[in-house]
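Let's walk through this structure together, one region at a time. Keep the viewer open as you read, and select the residues as they come up.

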Amino acid sequence: MNILIFVLLSLLKVAVVTVIFLMAVAYTVLLERKLVGRIQNRWGPSRVGPFGLLQPLADGLKLFLKEDLMPTAVFRPLFILAPIIALSCSLISIGVIPFGENIHWHGVDMFQIADVNVGLLVILGVTSIGVYGIALSGWSSNNKYSLLGSLRSTAQMISYELALGLSVIGVVLRAGSLRLRDIVNIQNTHGILSWNIFGGIQIVAFFIYLTAAFAETNRTPFDLPEAESELTAGYHTEYSSMKFAMFFMAEYANMITVGCVATLLFLGGWSSPFGNLLPAFGGVVVQALLPVFWFVAKVFCFLFLYVWVRGTLPRFRYDQLMGFGWKFLLPIAIVNVMATSLVLAFHG
Amino acid sequence: MNLAIFILFGLLCLGGALNLLLQRHPINSALSLIVVMSSLSVLYLLLGAEFLAVAQIIVYSGAIMVLFVFVIMLLNAGEEERTHGSRAAYLAGVPGVLALFTVLASTFFTLRTSFGNARLGAFVATTSDLSRVLFRNLLLPFEVTSILILVAILGAVVLARKEH
C-alpha cells in the first residue's frame, strides 16, 4: 500500500511540475510580448481575454492547426528528430531543480522531482546535449541560411559553455558539493547577506554566468543564430507548425531553466531575502509554500531581465561575440576560480 | 531491475557501435557514436560512478561529438561509396580481431578476482572520494596528463596558424 501511495504521489508530482512548467513557458512568451510592447511604446497582445491573458492558448491552438510542411529536399529522420531533441533536453533539466524546502510527505520529496548528487552537472550535461537539436536542424534542412544559423549557434554554444562551466566552479567550491540542495543550504543563514552573489563574493561569477547564459539560450544580444536581417530565421527557417513550436518552446523553457539555475547558485534559491528577520507566520502549509514563492519571484526577476535586455540591446557582430567569449569572459572566469580557491584555502 | 537496464543499454551500445560501422553517411555514423557514448554513461551510472557518468555525457557526447558533427556539417561530407575492401584485410583482419578478443577475454576472466568487485546499482564512491583519489594518490599522473593535453592544444594551434 505504501509503495502504491509513493508511486501515485510521484507520478502526480511529475505531472503537476510538467504542466506548471509548460504553462510558465507559454506565459513567458506573453510576458515577453507584453513587456517588449511597452518598451516600444505600444500595448502588446490585448484582444484575446482580459489583458490578452488568453493569447498563449490562442497561439498554441493556431500552431496546432497549421499545416505541417515537409520540404522535399530535407533529410527526413534528422529533420523530425531535431526539434524533439531540442524540446526534450530543455524539459529534462527541470527534473533535478529543487524549488522549495526539503519536505517529505509519504516519503515523496514535495518540491523536487529527483534529488541527484551531481545535479548541477546533470543540468550542464543536458544543456550540452541540447546543442544537437539546433545543429542537426540546420544541417538536415538542406538550406544555406539554416546551415549558417546552426553552425553559428553550435560554435557559439560550445564557446560560451566553457565560460558558463567555469563560472559555477566558485559556487561549487564554496558549497563543497554538486548537489543543488547543498548549494542552496549554505546560502540561507542570514538572508540576502549570505547569498553567493553578495556574501560569497561571487558577483563576478554571477555576471559571467549571466552573459554566458544569454549566449547559451541564443537570446539577444547573442541571437546571431536567428538574426532575421541576415539569415531569414536561422536554423528553424524550414520548420512549420508544431515542429517550429517545439523549437520555440525549447528556447523559452531553456530561459526558465537558466533562470532557475542562476537563482539556485547565486540568489539563495528558495531562501527568503530577509532571513530570520521575517517572523514565521501562518500555518505549516504557508511556511512550506513561502519558499516556493520566493523561488518563483526570483526566477520571474530573471525572466524580466531577459526581456528587458532584449528590448534595449542591439545584436553583437559575430567576431565580437567570439572575441568576447574567448578573450574576455574565459580569462575572467579562470581568475575568479583561482581567487575563490585561494580565499577558501586560506580562510575556509 | 539493474540487470535489465544493464542488458538494455549494453545492447544499445553494441547496436550503436555496429551501426557506426555499417552506416554510409558520416553524420549517421557520428550520431551512432553519440548513442554509444551515452549508453556507456548509463553503464557507468549503474556501477555507481555518478560523476564519471555525467562527465562522460558532458565531455564525450556533449563536447567532442558536437565538434565531430560540426566538422561533418562544415565540410558537408557526402555519402561514402561501398567498396569490397582488400583481400589482405579480410584474411588478416578477421582472425586478428578474433585472436585479440580471445586474448582479452581470457585475460579478464583469469584476472577477475584481482580487479575487485563492483555490484550493479551499488553507489559506493561519491564525487569527493573520487577527487580525493585523483588529487592525492594520483596527483602526478593527473598533472602529467593535463600537460599532455596542453601540448596537443599547442600543436593544433601551430598547425592551424597561417604562415605570414
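## A guided tour from salt bridges to cores

A:Asp182 is partly exposed, because its relative accessible area is 26%. This is a predicted model, so please read each distance and area here as computed from predicted coordinates. Is A:Arg179 buried or exposed? With a relative accessible area of 17%, A:Arg179 is buried, because the cut-off for that class is under 20%. A:Asp115, at 35%, counts as partly exposed.

Let's move to another charged pair. The side chains of A:Glu32 and A:Arg310 form a salt bridge with an N to O distance of 2.7 Å. Here distant parts of the chain are linked: A:Glu32 is in helix α1 of chain A and A:Arg310 is in helix α11 (residues 284-312), 278 residues apart. The two ends of this bridge have their own accessibility values. A:Glu32 is buried at 2% relative accessibility, and A:Arg310 is partly exposed at 38%. The pair also belongs to a network of salt bridges that links A:Glu32, A:Arg219, A:Glu251 and A:Arg310. Over all chains, the count comes to 9 salt bridges.

Now for the nonpolar side of the picture. In soluble globular proteins, nonpolar side chains tend to be buried together. How many residues does the largest nonpolar core have? The number is 67, and among those with the most contacts inside this core are A:Ile97, A:Leu120, A:Tyr209, A:Leu265 and A:Phe266. Helix α10 (residues 241-266) of chain A gives the most to this core, with 11 residues. Domain 1 (20-65) and domain 2 (66-347) of chain A both contribute residues, so the core lies between them.

Apart from its neighbours within four places in sequence, A:Leu120 is in contact with A:Val168, A:Val172, A:Leu178, A:Leu180, A:Ile183, A:Val261 and A:Leu265. There is also a second, separate core of 40 residues, which includes A:Leu78 along with B:Ile27, B:Ala30 and B:Ile72.

The domains deserve a look of their own. Chain A is divided into domain 1 (20-65) and domain 2 (66-347), and their centres, taken over C-alpha atoms, are separated by 22 Å. Across the boundary, 15 residues of domain 1 of chain A are in contact with 24 residues of domain 2 of chain A. For chain B, the domain assignment gives domain 1 (2-78 + 101-125) and domain 2 (137-164). The C-alpha centres of these chain B domains lie 25 Å apart.

A:Ile197 lies in the loop between α7 and α8 (203-216), and A:Ile197 is buried, with a relative accessible area of 7%. Which residues does A:Ile197 contact, leaving aside its neighbours within four places in sequence? They are A:Gln202, A:Ile203, A:Phe206, A:Phe266 and A:Leu267. A:Ile197 and A:Thr263 are 66 residues apart in sequence, with C-alpha atoms 10.0 Å apart in space. The other loop residue, A:Ala233, is found between α9 (228-231) and α10 of chain A. A:Ala233 counts as partly exposed at 24% relative accessibility. The C-alpha atoms of A:Ala233 and A:Tyr145 are separated by 7.8 Å, though the two residues are 88 residues apart along the chain.

A:Ile3, A:Leu4, A:Phe6, A:Val7, A:Leu8 and A:Leu11 make a nonpolar surface patch of about 590 Å². Within this group, A:Phe6 is placed in helix α1 (residues 2-39) of chain A, and A:Phe6 counts as partly exposed at 35% relative accessibility.

Terms used. Residues are numbered from 1 along each chain as its sequence is written. Chains are lettered from A and ligands numbered from 1 in the order in which they are written. This is a predicted model: local features need pLDDT of at least 70, side-chain atom pairs count only at pLDDT 80 or more; totals for chains, interfaces and linings use all residues. Side-chain values use heavy atoms; hydrogens and water are left out. A nonpolar core is a set of buried Ala, Val, Leu, Ile, Met, Phe, Trp, Tyr and Cys residues joined through side-chain atoms within 4.5 Å. Buried means under 20% relative accessible area, exposed over 50%, partly exposed in between (1.4 Å probe, protein chains only). Helices (H or I, at least four residues) and strands (E, at least two) are DSSP runs, numbered from the N terminus. Domain bounds come from an automatic or database domain assignment. Contact means heavy atoms within 4.5 Å. Patches are made of residues with over 30% relative accessible area and no salt bridge: like charges are joined within 9 Å, nonpolar side chains (Val, Leu, Ile, Met, Phe, Trp, Tyr) within 5 Å. Accessible areas come from the Shrake-Rupley method with a 1.4 Å probe; for residues, only the protein chains shown count as cover. A salt bridge is a side-chain nitrogen of Lys or Arg within 4 Å of a carboxyl oxygen of Asp or Glu.
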